[in-house]
Every structure is written in C-alpha cells, then in structure tokens.
Amino acid sequence: MQQANILHADLDAFYASVEQLLNPELRGKPIAVGGGVVLAASYEAKAFGVRGGMSGRKARELCPHLHFVRGTFEQYQRLGDLAIAVLEDFTPAVERISIDEAFADVSGCTHLFGTPGEIAATIRRRVREELGLPISVGVARTKHLAKIASQVAKPDGLVIVDPGSEREFLHDLPVGLMWGVGPVTEAKLKDEGIFTIGQLAATPGRSLRGLLGTAAGDKLSDLAWNRDPRAIVTERRARSAGAQSALGRRPATEAVFKPALRHLADRVSTRLRAKSLAGRTITVRVRFSDMRAVTRSMTLDAPISATVMVAEIAEELVRAALADHPREKTISLLAVSVSHISEQADIQLELPLGLPDEKRRPGARQGIARWSADRAMDAVRERFGREAVGYAAVHFDRRQTVPDAFRELAEKNLLPDA
DNA sequence: TCTGGGGTCCTAGGACCC
DNA sequence: TCTGGGGTCCTAGGACCC
C-alpha cells in the first residue's frame, strides 16, 4: 500500500497570529483584522463566534471586547513566503494554495529527513522557532485526506492518517469538512439525512448525482470513498484576472459606474501587461443593492490588454446589464474580469507594420496605440509609484475600498514573466 | 448596519459547423 | 410531413475556495 507522503500545512488564524506576534499586547486577546468587515479573527475571538467575512458590527456584538487592528499586509506576505520556504527546504514538490497554506509531497526526501510524520513535526517546530507562528499539519496518502487532517489538527497540531485507518478516520467526520462541500451542498445532504462522511460513502452514487449533478456527485462519491487522484502541482498559471469594488449603495448611473469601471479596468489591465498577457473575454458583474447579481460577458476575436479598451467594453456590458434590469435603481458592487488569457509579447508593438494590408484594421491600430500609451504609463508608475500618473477621467472615490496591499495578497500569480 | 476581494470549476441552453 | 448526430464555442448563472 502507498505511504502517507502528502503534507498539508496551514498557518493558524494567520493574519491574527501575525498581529499577535508583532504586538505582544494583543497575545491571548480576542482580535480581528479589518474594520467594516472581519478579514481574520484570532482563536480567542473565534471562541465568541467571530468569523472571517463577518461585518465588524456583528463581530462586536458577539465579542464586546474585540480588538480591531487595521492589518500589516506586507508582513503577511513576507511571513507567509518564509513559512512556505520552510517546506521547500525539504522538497521542491510544494503546491501553494494561498498565502498561508500549501501541500507538499515528501516521498522523494524521506531517506534524507525521516518519515513524513517526522518531517511534519520538524516543519512545525521550525516555523514556530524561526517565525514565531503556529502552523498545523496533516499527513496522509492523498491531498484531500491531508487537508482534512490539518483541519482536524487545528489549532497548532499535527495529525497523521495511517493508510490503514483512512476509512475509520473519515467515518464520523462532518461532510462540511470535505473539499467542495459548502453551505448549499451541506444543506442538500442534510435534507437527505446525510451528516457524516461515512453516511455519504454509504449513499449510492446514483442518488448523489441526482441530488448534486453529475460532476459534483461523482466527485463527492470519490472523496467519500477516499479516491483522490490529484497530484501535487507546483506551478499553475491563472486563467483569469479580475478586480471588484463594493460601492455601498449608489445610483445606477453613468456618473457612478464609469469612473469605477475605469479604475477596475486599470487595475486588471496593468496586472496583465506587467506579465505580457492579454485576454479575449471581458466579464462584468453588477450587484444590486438587494445583493442579487448579474454578469455580462463578451468574447473578442483577439486578446486585449489596453486599459481603455477593457474599460470601454466593460461600460458597454454594464449598460446592457442595467438596461435588462430597468427597475434596479441602485448598485452595490462592480467587478471586471479578463479571461481566455494568452501571452502577448512586446512584439505586438511592431506587429501591424509587417502584416498584410487586410490585417491592418483601424481598430487594431487604435488598440496598439492605446496599448503603447499604457506601457509608457506603466513605466512611469514603476519608477514613481502607482499614483504618479493615471487617466484624467479616473477620479474614483476610494474611501470605502480595502487597502491595495490587501488586494495584492489575494492575487494569484498570473504567470512567471517569460 | 446592509455583506471584502481574488480566484476555479460546473451546468445548461443556444449558435454554428460538418 | 417528420428531424440526425457529434463537436466546439459562447453566454449566464451558481457553488465553492482562500
């Protein structure tokens, strides 16, 4: 039988732990990172029911002595990177899932460093000693099992699932711990009397497919029966890049959405151009004040990355979406996303000159001109900072938005710039 | 007091092609 | 009178993850 060689390492209450590390006065106290919304809560705060994503007001209701901290986002990035680097000291087969979480396959390095369990214990000790942070680790034969094991291990623990005890380990755990089971699926399963992974495994695949759809049903069956073929993927390129902004409650008018879309298009396009990428599909999302949301998208023949082109298409799509919902007078969120991403080398600058006449459409030339102007602006910003230069039309009210540093934490690496 | 921001994947219907 | 069948792409919505 295959050995338990997969580790899942997950820093505990990461942002909150960093704040308690940096400021000893916060240690042992219930704290929340964020303000209007809780981005992370310490274990002391979680004990009161405070959760990430919760409004600050609600959190304060639950925990009157909750300390709010603004967040030290640069430190999160730095310490998260250092923790992952500890894993990489053991093996290059590390798959980073987010800023504070990664899988590692240690099958190739046990002869050097000991059993997977010993490696996991060393990783935990080193992260604690060198960085001062608690990290939980699960060790198992598959990614799914390792991830569940690390959740069970929290806080600050280590759980090893021996290959012989996998079914027993899973049997009484709640289905909500499984990857892919969120609130909706959990409720559907509950309606069928399915609460534990053991009960899920005992449910015929046919029933699950009927309840959840083919793909989701099959996937859940496989995981419940402990069939998880997923391998460690060390490098994964993003398939889309987007930006969004909550607006509170604003009139659904051009005066509101135009500057907001310029700002969002600028964020997304700049990220794409920095990696020599461009995308063919532009998607916008409009959320109304009752939280219902609609999306509109458009797929082009050729990829684009010029800010103004993305912005103009986004505006058209939002106009269309609002026209379809004439009774909605206010919006609470706008989002712009670019997908069908491909590499677009700087060569595109000269491309039209060497192309046959029929390819030199006015639109293409205009796109090149705008893209060139953007690249010039990118260069200025790189030297003098983001705020140094921008489109005159972009006077976007940013009072309510989260810090840019926080946004950047959530961004996936688009691709190493080849 | 309305609830952040960045992503992935799946489904279903329709257009279009061969 | 009668209508087949497979494949790909696009669009919109939704669930889920961190």
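Before sorting any surface by class, I note the scheme: Ala, Val, Leu, Ile, Met, Phe, Trp, Tyr, Cys and Pro count as nonpolar, Asp, Glu, Lys and Arg as charged, and the others, Gly among them, as polar.

Ground rules. I'm working with a predicted model, where local features need pLDDT of at least 70, side-chain atom pairs count only at pLDDT 80 or more, and totals for chains, interfaces and linings use all residues. Residues are numbered from 1 along each chain as its sequence is written, while chains are lettered from A and ligands numbered from 1 in the order in which they are written.

DNA strand C. I looked up its neighbours ("near" puts the C-beta atom, placed from the backbone, within 6 Å). There are 18 residues around DNA strand C, and Ser98, Gly182, Val184, Thr185 and Thr299 come nearest. By class I get 8 nonpolar, 8 polar and 2 charged. Strand 11 gives the largest share of this surface, 6 residues. (Helices are DSSP runs of H or I, at least four residues, and strands are runs of E, at least two, numbered from the N terminus.)

Strand 11. I followed Thr299 across the sheet and found Thr281 opposite. Strand 10 (residues 277-288) pairs antiparallel with strand 11 (residues 293-304) over 8 bridges; pairing takes at least two DSSP bridges. In their hairpin, with 4 residues between the strands, Met291 has a positive phi near 80°. Strand 10 also runs antiparallel to strand 12 (residues 330-343), with 11 bridges.

DNA strand B. I find 30 residues around this one, with Gly53, Ala215, Arg239, Ala246 and Ala410 the closest. Strand 9 supplies the largest share, 9 residues.
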